[in-house]
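Colleague: I am new to this structure, and I would like to understand the grounds for the terms used to describe it. Could you show it to me before I ask?

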Amino acid sequence: MRKFSPVIRSFGMHAVLLEWPNEVDEDILNDILQFCQYLKQFCLKEEGWEMIPSYNSLTLVQKNREIDFQAFSHDLLNWYPLKEETAPAQKFLWRLPVCYDLDFGIDLIEVAENLSLSIPKLVDLHTKNIYTVYGIGFLPGFMYLGGLPKSLETPRKATPRLKVLKGSVGLAGRQTGIYPQESPGGWNIIGSCTVPIFDIKRENPCFVNVGDKIQFYAISRAEYDLHKIESEVGIYKLEKINLDA
Amino acid sequence: MLKVLKPGFYTTIQDAGRFGHRDIGVPVSGVMDNRALAIANGLLENEEEAAVLEITMTGPTLEFEHNTYIALSGAIMNPTLNNTPIINNKVYRVGAKDILSYGRLDKGLRSYLAIKGGFQTKKVLGSRSYFQAITAVTSVTDHTEIPYLPWPSFEPKITEIHIDPYFDETVLEVAKGPEYEMLLDRQLEKIFGNEFKVAKDYNRMAYQLMETVAEHNTNMLTSATLPGTIQLTPSGKLIILMKDGQTTGGYPRILQLTDYAIALLSQKKMGDTISLKLI
């Protein structure tokens with residue numbers, strides 16, 4: 001038995017939302033992912049279903065027909081306790097190289113000053129931690145990462161930049177993350193990651209899934225340049241650790 | 001090939017959409033006006049999801065290379081075929097060297113060009129709809145060549161249909177969104193008792209409305225959003241997400257447009273009036 005049950009909310013004609021308590025909590029996320037797995041394997045085999053987990057919610061969308069909310073909520077609440085019979089989805093820890101050179105970490109000096117940390121200490125804190133992927137959205141492959149240490153919490157920039165480069169690693173509030181493509185953005189940029197999180201040329205464009213873990217490791221400018229070339233020709237290697245093994 | 005001689009203001013390839021990848025942040029995309037898609041593809045007896053050109057604001061000039069059949073639908077842009085006026089919602093035969101061009105925008109905003117068999121650009125993640133970082137290009141430019149199948153003969157069951165013009169409809173039907181319950185009486189009064197005008201930011205990602213509703217400080221964790229989701233920002237602005245809208249968001253999702261309301265809204269532009277009606 002789990003601690004929490006979801007509340008089910010109607011979300012237009014084609015979707016329902018299952019919502020757990022409004023907390024960033026790994027137990028809740030695991031509960032959601034396991035139910036998601038169960039639904040995929042046993043319940044929602046009909047064409048047209050899509051499932052979008054994020055933090056404390058799971059959205060189920062059926063593109064081909066309208067959903068009978070009453071009947072469907074009833075089914076969901078019946079299925080929910082049965083999910084324990086499913087093996088949870090495989091999870092991985094991805095180790096991603098980040099170059100914290102000042103050329104890329106354009107806000108590094110300012111952020112270090114604001115946090116009263118030296119740059120090496122800031123890098124040490126950012127790379128020591130293991131982050132959980134609580135959601136993917138905003139842009140294709142943009143990961144919402146939880147688990148930032150309190151000592152690295154810093155407000156987003158007062159004025160967003162019109163252009164943040166692809167691969168930029170940022171800090172904002174209680175979050176850290178990577179811009180998967182060039183876009184406007186208000187995060188403080190502290191480095192650059194050479195591995196593209198989202199690459200449409202790959203058979204699986206986004207290797208990360210919600211529930212996976214991320215750890216950054218610092219690389220030198222020379223290593224960055226090498227990785228960059230490898231990444232452009234598509235031969236970068238990814239460090240992946242199976243968390244269930 | 002269909003040769004683009006002039007691209008128009010903003011012309012893209014769209015189909016029914018790109019489904020099944022929202023969990024990695026890929027929006028649905030696809031035509032903004034599903035109703036126009038259904039009419040144009042229906043007349044040509046195409047598959048429902050056959051790819052069309054979505055033509056925004058001002059139309060392109062296009063040259064055909066092979067014989068085929070076309071149908072236009074959606075916004076009224078005074079199209080001509082070899083300088084002879086043609087109309088929406090009717091099947092036309094076209095041949096090599098024929099030139100399709102567009103004139104002044106009279107009604108609506110987005111017009112559609114469907115072709116027998118659908119445009120044959122490469123599918124990416126199951127769809128031909130243009131989207132940044134997914135497809136190689138994000139809009140057609142001059143010299144773009146768009147592949148299609150030569151279609152020597154076709155006897156359409158229906159050659160023309162008369163549809164009620166929907167450009168002057170202003171009432172958008174909405175269902176309650178997941179955070180509907182947070183709304184206070186004075187906010188509800190404003191939302192359903194007033195008209196709204198489309199603000200200057202309106203595109204395939206989202207439509208913003210000019211009038212504000214009332215500030216709030218409801219906090220929620222990032223969660224899924226859908227095309228047609230109406231978000232209420234902390235400053236009281238309403239943002240209606242559209243087909244290229246982001247797949248997750250952090251603002252309360254107070255209402256959700258019906259599919260038909262999305263089609264209606266997609267024909268509106270800055271300054272146009274709408275009102276919301278709960279179903």
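Modeller: What follows is a conversation about the terms used for this predicted model and the values behind them.

Colleague: How do you know how far chain A can be trusted as a prediction?

Modeller: The predictor's confidence runs from 0 to 100, and chain A averages a pLDDT of 92, with 98% of the residues scoring at least 70. Within chain A, confidence is lowest in strand S14 (residues 239-242), at a mean of 86, and highest in S4(A), at 98.

Colleague: What makes the radius of gyration of chain A agree with that of a compact globule?

Modeller: For 245 residues the globule rule gives a value near 18 Å, and chain A has 20 Å, so the two agree. The C-alpha atoms of chain A fill a box of roughly 55 × 40 × 35 Å along the principal axes, and chain A holds five helices and 14 strands. Residues 24 or more positions apart account for 66% of the contacts in chain A with a separation of 6 or more.

Colleague: Why is S2(A) called mostly covered?

Modeller: A residue counts as buried when 20 or more other C-beta atoms lie within 10 Å of its own, and five of the five residues of S2(A) are buried. Ala15(A), Leu17(A) and Glu19(A) point one way from the strand, while Val16(A) and Leu18(A) point the other way, and all are buried.

Colleague: How do you know that S2(A) is paired with other strands?

Modeller: Pairing requires at least two bridges; S2(A) is joined to S1(A) by four bridges, the two running antiparallel, and to S4(A) by five bridges, again antiparallel. In the hairpin of S1(A) and S2(A), four residues lie between the strands, and Gly12(A) takes a positive phi near 80°.

Colleague: What makes helix H1 of chain B largely enclosed?

Modeller: Seven of the 10 residues of this helix (residues 34-43) are buried, so the rest of the structure largely encloses the helix. The buried residues are Arg35(B), Ala36(B), Leu37(B), Ile39(B), Ala40(B), Asn41(B) and Leu43(B), and they pack against elements of chain B including strand S3 (52-56), strand S10 (107-115) and helix H3 (259-265). After H1(B) comes Glu45(B), with a positive phi near 55°.

Colleague: Which residues touch the most other members of the largest nonpolar core?

Modeller: Of the 135 residues in this core, Met143(A), Ala40(B), Val52(B), Tyr112(B), Leu113(B), Ala114(B) and Ile240(B) touch the most other members. Its largest share, eight residues, comes from helix H1 (residues 26-43) of chain A. Leaving aside residues up to four places away in sequence, Val52(B) touches several residues, among them Gln14(B), Val31(B), Leu37(B), Ala40(B) and Phe119(B).

Colleague: How do you know that chains A and B touch?

Modeller: Contact requires C-beta atoms within 7 Å, and 34 residues of chain A are in contact with 26 residues of chain B. S3(A) gives the most to the side of chain A that touches chain B, with four residues, and the residues of that side divide into 20 nonpolar, 11 polar and three charged.

Colleague: Which strands of the open sheet in chain B are the edge strands?

Modeller: The sheet has six strands in the order S7-S6-S9-S4-S1-S11, with antiparallel pairing. Strand S7 (84-85) and strand S11 (145-146) are the edge strands, as each pairs on one side only. Between strand S1 (residues 2-6) and strand S4 (residues 61-64) of chain B there are four bridges, and Val4(B) stands opposite Leu62(B).

Key:
Residues numbered from 1 in each chain as written. Chains lettered and ligands numbered in written order. Predicted model: local features only at pLDDT ≥ 70, side-chain atom pairs only at ≥ 80, totals over all residues. Contact = placed C-beta atoms within 7 Å. Nonpolar A, V, L, I, M, F, W, Y, C, P; charged D, E, K, R; others polar. Core = buried A, V, L, I, M, F, W, Y, C linked by C-beta atoms within 7 Å. Buried ≥ 20, exposed ≤ 12 C-beta atoms within 10 Å, placed from the backbone. Rg over C-alpha atoms; globule rule 2.2 N^0.38 Å.
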